[in-house]
Amino acid sequence: MTNENDELENIAKAQPAWRKVGRWALLIILILSILGSWLIFSQGGLASLTVWYLAQLFLPLLGFGALSIVIIHWLRARHLSLPMILTAIVAIISILPLFWLLGLWSITYPVSIENAEPAATVRLPANEELTVAWGGDSVKTNYHAATPDQRWAYDLIVAPYLSESENLEDYGCYGIKVLAPANGRIVIAHDGEKEQVPGKLQTSLNPYGNHVVIELPTETYLVIAHLKLDSVAVSAGDMVQEGETIGQCGNTGNTSEPHIHVHHQRQNPAEFPVNFAEGLPLYFRDHNGPAMPQGGYLEEGDQAILTGDIVQHQGGR
C-alpha cells in the first residue's frame with residue numbers, strides 16, 4: 001500500500017507546470033473579472049455605466065459556471081483542493097450582482113463623488129420648509145444612489161406626509177409651486193400624465209411623470225419630476241431664471257406620495273433613457289442646512305419616521 005501511495009505522489013510531482021498552474025486558472029479569471037469590473041465602475045463615464053449593467057449578468061453567469069465545475073469536481077474526486085475551495089468562495093461572491101439586478105439587495109453605485117464632474121450648486125426647488133426624504137451620497141440615506149443617473153438625487157416633501165391617505169390634499173407638498181433651481185434652457189417640459197393614488201407605490205411607463213428638464217450652462221441637466229397634472233408652466237426652448245415657477249408638486253409617475261424629485265446628470269434625458277446616464281453631484285446653497293442634505297428614515301413598529309434634514313430657502317428668489 002505504501003508503494004502505491006508513493007507512486008501516486010511521484011505521478012503528481014511529475015505533472016507538467018502548465019497543469020499545476022491550470023488548477024488556479026479559474027480562480028484567477030474570477031478575481032480578474034471582479035477587480036477589473038470594479039476598477040471600471042469607479043472611474044465613471046459611459047464605459048462604467050455599460051459595464052455596470054453587463055456585469056450584473058456576466059459575473060453571476062461566470063460564478064454559476066465556476067461553481068458548477070467545482071461541484072462536478074467534488075462529485076468525481078470526493079475531495080476539494082485549495083484552488084477549488086477558493087474558487088467556490090470567489091464564485092459565490094461573483095454571483096452577488098444578480099441580487100442587485102433583481103432588486104433584492106442595493107449597494108451604492110460605485111462612482112466616487114471625487115470622480116464625478118462637474119457638480120452643480122443650485123437653490124432649493126421650492127420656498128416651503130422641505131424635509132429631505134431621500135438624499136446624500138449613499139444608499140443608507142438615499143435609495144436613489146443605487147442607480148447611475150440618480151446617484152445624487154433628492155426626494156423633497158412638505159409636512160404633513162406619510163399619512164397613507166388616498167386624498168392628495170392631505171399631503172403638504174401637493175400643489176406647492178416648484179421653482180427653477182438655476183438659470184438655464186428648458187429641453188423637456190412634459191405634461192399630461194395623470195395623478196396617481198397616493199399612499200402606495202405607483203408605477204407607470206413614464207417614471208418621472210410630468211417633469212421639466214433644464215440644461216445648465218455646464219451643458220449638464222437638472223431633472224425635476226412628479227409635477228402636478230396640467231401645472232407645467234414652461235415649454236421646451238424657454239430660457240428660465242432661477243426662482244421662476246416651472247410647475248406645481250404633484251403625484252405623477254413612479255411615486256408613493258406627492259414630492260419633488262430633483263437630480264443632476266451629464267447626458268440629455270431626451271436622448272438617453274431613464275437609468276442610463278451619468279449622475280452628477282448636486283448641492284444646494286442659500287438655505288439653512290448642509291450643501292448636500294441627507295435623507296433617511298427609521299421604522300418603529302408599523303410607523304415610519306423620517307430622519308432626514310429639514311431645509312428652507314433663504315434670501316430672494
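E164 is exposed, with a relative accessible area of 62%, where exposed stands for over 50% relative accessible area, buried for under 20% and partly exposed for the range in between, computed with a 1.4 Å probe on protein chains only. The model is a predicted one, in which local features need pLDDT of at least 70 and side-chain atom pairs count only at pLDDT 80 or more, while totals for chains, interfaces and linings use all residues. Residues are numbered from 1 along each chain as its sequence is written, and side-chain values use heavy atoms, with hydrogens and water left out.

E164 is not a glycine, yet has a positive phi of about 65°, and its place is the loop between β3 and β4; helices (H or I, at least four residues) and strands (E, at least two) are DSSP runs, numbered from the N terminus. The loop between β3 and β4 also holds P160, which is joined to A159 by a cis peptide bond with omega of about 0°. A cis peptide bond also runs from E117 to P118, with omega near -5°, and P118 sits in the loop between α5 (97-101) and β1. A positive phi of about 65° is found at D230 as well, although D230 is not a glycine; this residue belongs to the loop between β7 and β8 (239-240) and counts as exposed at 64% relative accessibility.

A nonpolar core is here a set of buried Ala, Val, Leu, Ile, Met, Phe, Trp, Tyr and Cys residues joined through side-chain atoms within 4.5 Å. The largest such core has 44 residues, of which Y154, V212, I214, L222, I224, I260 and L282 touch the most other members. Among the elements that give two or more residues to this core are α3 (45-77), β6 (210-215), β7 (221-227) and β10 (260-265), and α3 gives the most, with 4 residues. With neighbours within four places in sequence left aside, V212 is in contact with residues including I186, I188, L222, I224, V234 and I246, contact being heavy atoms within 4.5 Å. A second, separate core of 11 residues includes L26, L67, V70 and A88.

An α-helix has 3.6 residues a turn, so residues three or four places apart point the same way. Helix α4 (residues 82-95) has 14 residues and spans 20 Å from its first C-alpha to its last, close to the 20 Å expected at 1.5 Å a residue, the expected span being 1.5 Å times one less than the number of residues.
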